[in-house]
Amino acid sequence: MGISVEGANKRFGGFQALDDVSIEVPDGSLTALLGPSGSGKSTLLRAIAGLEDLDSGLVTINGENATGKPAQKRGVGFVFQHYAAFKHMTVYDNVAFGLKIRRWEREKISQRVHELLDLVQLPGLADRYPSQLSGGQRQRMALARALAVEPQVLLLDEPFGALDAKVRKDLRTWLRNLHEEMHVTTIFVTHDQEEAMDVAGQLVVMNEGRVEQSGSADDLYEHPANEFVMSFVGEVNRLGDHFVRPHDMEVVLDRDERSQEGLVQRIVTLGFEVRVELVLSDGTEVWAQLTRAELQRLELRESQIAYLRPVQAKSFNGSSPSLPDGASTPLGSRDGGDAGLPAAV
């Protein structure tokens, strides 16, 4: 059953935060709401939680209409970006807080809290205060507190946004493993494409209060519905009316009718991959993703002239060369096959 939102609308004064939004979140799934700031993803999450009233629309949780229910009766666990911890309480008391309100027996509370602290990898820290924890530990404590009341749904609003890159990556892996173990229907909000694609089984891409597309990471990356999704899910270069992924940009040293001249501005080595940034004759800035072996073979240097040959591109307006909306076409290959883009796009 999971979560269903139908025709959700929400306006704040003259700002339309949600514009006829409908989504389906399968039972037991891990879904990411992905979009730029102001796209409506946090408003949608809060509406599901019951923390924001909709102007119109329907929210269904596990087959029951939850639209008019207060937050505390929706069976939802909510985790905010900045932990919202009780600073004067120990880790144990923070996690136990919801259980005490529900008047659980002391022994059951103790058992549940210690089970959860083991689950979120905080054993032995029950007597510490939030100020004595690292950022990653505080966020795991917040997740334990949300899980303590055995919610039907877990909602996370940019849960790793305040953490550094290494801790974020570790917590992403931990959250994915935790979900595989618990199978609680989970929605988390993020503006980080890599985070969403790494963790979630389903992505819902939002923009200006609307859902642009939903599906798996592969679906959205390989078959974007429009220019916004193409540009937002994964890196992309724009050449005229065409969009080309950096890994589909071949760099060659000899010019032909299928290539376009560019000046190498910068070469950045990122482990196994290499980012080659170029500027074309018309001033367009693009970049190509190469391997270290390709870079060594080409012997590229900054300020050198090189030539770009798009291997595959997408177009959404049917301009020449004509492509159906959202379709992709091979534009040559690494071994020099036919290219469909003109030399000057």
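Helix α3 covers residues 106-119, and at 1.5 Å a residue its 14 residues should span 20 Å; the end C-alpha atoms are 20 Å apart, which agrees. This is a predicted model.

- Six residues of α3 are buried: Ile109, Arg112, Val113, Leu116, Leu117 and Leu119.
- Viewed down the axis of α3, these buried residues fall within an arc of 155 degrees, so they line one face of the helix.
- An α-helix has 3.6 residues a turn, so residues three or four places apart point the same way.
- Glu107, Gln111 and Asp118 are exposed, and they sit on the face of α3 turned away from its buried side.

**The four-stranded sheet**

- Strands of a sheet pair through backbone hydrogen bonds, either parallel or antiparallel.
- Here four strands make an open sheet, in the order β2-β1-β4-β5, with antiparallel pairing.
- The edge strands are β2 (15-25) and β5 (64-65). Each has a single partner strand, so one side of each is left without a neighbour in the sheet.
- Strand β1 (residues 3-12) runs antiparallel to β2, and seven bridges join the two.
- Phe12 has Phe15 in β2 as its bridge partner.

- Strand β9 (residues 202-207) and strand β10 (residues 210-215) run antiparallel and are joined by five bridges.
- Leu203 has its bridge partner in β10, namely Gly215.
- Two residues lie between the strands of this hairpin, where Glu208 takes a positive phi near 50 degrees.

**The largest pocket**

- Rolling a probe the size of a water molecule over the atoms shows where empty space is left.
- The largest pocket holds about 610 Å³ of space.
- Its lining has 20 residues, and the closest to the pocket centre are Val76, Gly77, Phe78, Arg102 and Val149.
- By class, the lining of the largest pocket divides into 13 nonpolar, four polar and three charged residues.

**The second largest pocket**

- This pocket has a volume of about 280 Å³.
- The second largest pocket is lined by Asp192, Gln193, Glu194, Met197, Gly234 and Glu235.
- Its lining counts one nonpolar, two polar and three charged residues.

**Cavities**

- The model has two cavities of 30 Å³ or more.
- The largest cavity has a volume of about 60 Å³.
- Leu147, Leu154, Leu175, Leu178, His179, Met182, His183, Val184 and Thr186 line the largest cavity.
- Helix α5 (residues 165-182) gives four residues, the largest share of the lining of the largest cavity.
- That lining has six nonpolar residues, three polar ones and no charged ones.

**A loop residue: Asp254**

- Asp254 lies in the loop between β13 (249-252) and β14 (260-270).
- Asp254 has 60% relative accessibility, so it counts as exposed; the cut-off for exposed is over 50%.
- Asp254 and Ala306 are 52 residues apart in sequence, but their C-alpha atoms are 7.6 Å apart in space.

Definitions and conventions:
Residues are numbered from 1 along each chain as its sequence is written. This is a predicted model: local features need pLDDT of at least 70, side-chain atom pairs count only at pLDDT 80 or more; totals for chains, interfaces and linings use all residues. Side-chain values use heavy atoms; hydrogens and water are left out. On a 1 Å grid over the protein atoms alone, a cavity is a set of points where a 1.4 Å probe fits but cannot get out, and a pocket is an open set with protein on both sides within 12 Å along at least five of seven lines; lining residues have an atom within 4 Å of a point. Grid points are joined across faces, edges and corners, and a volume is the space filled by probe spheres set on the points. Ala, Val, Leu, Ile, Met, Phe, Trp, Tyr, Cys and Pro count as nonpolar, Asp, Glu, Lys and Arg as charged, and the others, Gly among them, as polar. Two strands pair if DSSP finds at least two bridges between them. The expected span of a helix is 1.5 Å times one less than its number of residues. Buried means under 20% relative accessible area, exposed over 50%, partly exposed in between (1.4 Å probe, protein chains only). The arc is that of the directions from the helix axis to the C-beta atoms.
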